[in-house]
Amino acid sequence: QVQLVESGGGSVQPGGSLRLSCAASGIIFSNYGMGWYRQAPGKQRELVATITTRGSPTYAHSAKGRFTISRDNAKNTVYLQMNSLKLEDTAVYYCNAFDYLLGRPVFGSWGQGTQVTVSS
């Protein structure tokens, strides 16, 4: 049974940085592409970044140039380094495995997420 545990969120001012982590268990982590998603209040969950099993990243337009996704297969962990944070980055951030063929999350269950709040 897959378990995804996100951490690293917090409250920062605009322009600040945070590094999110997502620890996965119950799966062969290195076999999966991974993705970071976020959900702002009143909005649908959206994809922020993905990373292939070999470490190739892709980013949503809103994240390009500011966010960096990475993974450590030895630790079964995917990271999201977020710099130059904006007010509109405020959301709960989640991770999930990513199905590149279908373009959607692999697992139907999600972790608890980690809250990122950007405010002045």
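**Stop 1: a strand with several partners**

Begin by selecting β4 and β9, which pair in the antiparallel sense over seven bridges. Before going further, please keep in mind that this is a predicted model. In this pairing, look for tryptophan 36, which stands opposite cysteine 95 in β9.

Pick alanine 91 and look across: its bridge partner in β11 is valine 116.

The hairpin of β9 and β10 has four residues between the strands, and in it glycine 103 takes a positive phi near 65°.

**Stop 2: proline 105**

Stay in this area and select proline 105, which lies in strand β10 (residues 104-105). Proline 105 is partly exposed, at 27% relative accessibility. Show its contacts, leaving aside neighbours within four places in sequence, and you will find Tyr37, Asn96, Ala97 and Trp110. If you draw a distance from the C-alpha atom of proline 105 to that of cysteine 95, ten residues away along the chain, it comes to 9.0 Å.

**Stop 3: the disulfide**

Cysteine 95 has come up already, so let us see what it is joined to. Select cysteine 22 as well: a disulfide joins the two, with an S to S distance of 1.7 Å. Cysteine 22 belongs to strand β3 (residues 18-25) and cysteine 95 to strand β9 (residues 91-99), so the bond ties together parts that are 73 residues apart in sequence. The count of disulfides here is one.

Are these cysteines buried or exposed? Cysteine 22 is buried, with a relative accessible area of 0%, and cysteine 95 is likewise buried at 0%.

**Stop 4**

Cysteine 22 sits in β3, and β3 leads us to another sheet view. Colour β1, β3, β8 and β7: these four strands form an open sheet in the order β1-β3-β8-β7, with antiparallel pairing. At the edges are β1 (3-7) and β7 (67-72), each of which pairs on one side only. From one strand to the next, the twist averages 15°.

Zoom in on β7 and its partner β8 (residues 77-82), which pair in the antiparallel sense over six bridges. There, aspartate 72 stands opposite threonine 77 in β8.

**Stop 4: a network of charges**

Now select Arg38, Glu46, Arg66 and Asp89, which are linked in a network of salt bridges. Side chains of opposite charge can pair when their charged atoms come close.

- Glutamate 46 and arginine 38 have their closest N and O atoms 2.6 Å apart. Glutamate 46 is partly exposed at 36% relative accessibility, while arginine 38 is buried at 6%.
- Arginine 38 and aspartate 89 have their closest N and O atoms 2.9 Å apart. This pair links distant parts of the chain, with arginine 38 in strand β4 (residues 33-39) and aspartate 89 in the loop between β8 and β9, 51 residues apart. Both are buried.
- Arginine 66 and aspartate 89 have their closest N and O atoms 2.7 Å apart. Arginine 66 lies in the loop between β6 (57-59) and β7, so its bridge to aspartate 89, in the loop between β8 and β9, ties together parts that are 23 residues apart in sequence.

**Stop 5: the nonpolar core**

For the last stop, select Trp36, Phe67, Val78, Leu80, Met82 and Tyr93. They touch the most other members of the largest nonpolar core, which has 29 residues. β3, β4, β5 (46-51), β7, β8, β9 and β11 (114-118) each supply at least two residues of this core.

Finish on phenylalanine 67. Not counting residues up to four places away in sequence, phenylalanine 67 touches a list of residues including Val48, Leu80, Met82 and Tyr93, and also Arg38 and Asp89, both of which belong to the salt-bridge network.

Notes: Residues are numbered from 1 along each chain as its sequence is written. This is a predicted model: local features need pLDDT of at least 70, side-chain atom pairs count only at pLDDT 80 or more; totals for chains, interfaces and linings use all residues. Side-chain values use heavy atoms; hydrogens and water are left out. Two strands pair if DSSP finds at least two bridges between them. Axes are lines fitted to C-alpha atoms, for helices over the stretch in contact, and angles run from 0 to 180 degrees between N-to-C directions. A disulfide is a pair of cysteine sulfur atoms within 2.5 Å. Buried means under 20% relative accessible area, exposed over 50%, partly exposed in between (1.4 Å probe, protein chains only). A salt bridge is a side-chain nitrogen of Lys or Arg within 4 Å of a carboxyl oxygen of Asp or Glu. Contact means heavy atoms within 4.5 Å. A nonpolar core is a set of buried Ala, Val, Leu, Ile, Met, Phe, Trp, Tyr and Cys residues joined through side-chain atoms within 4.5 Å.
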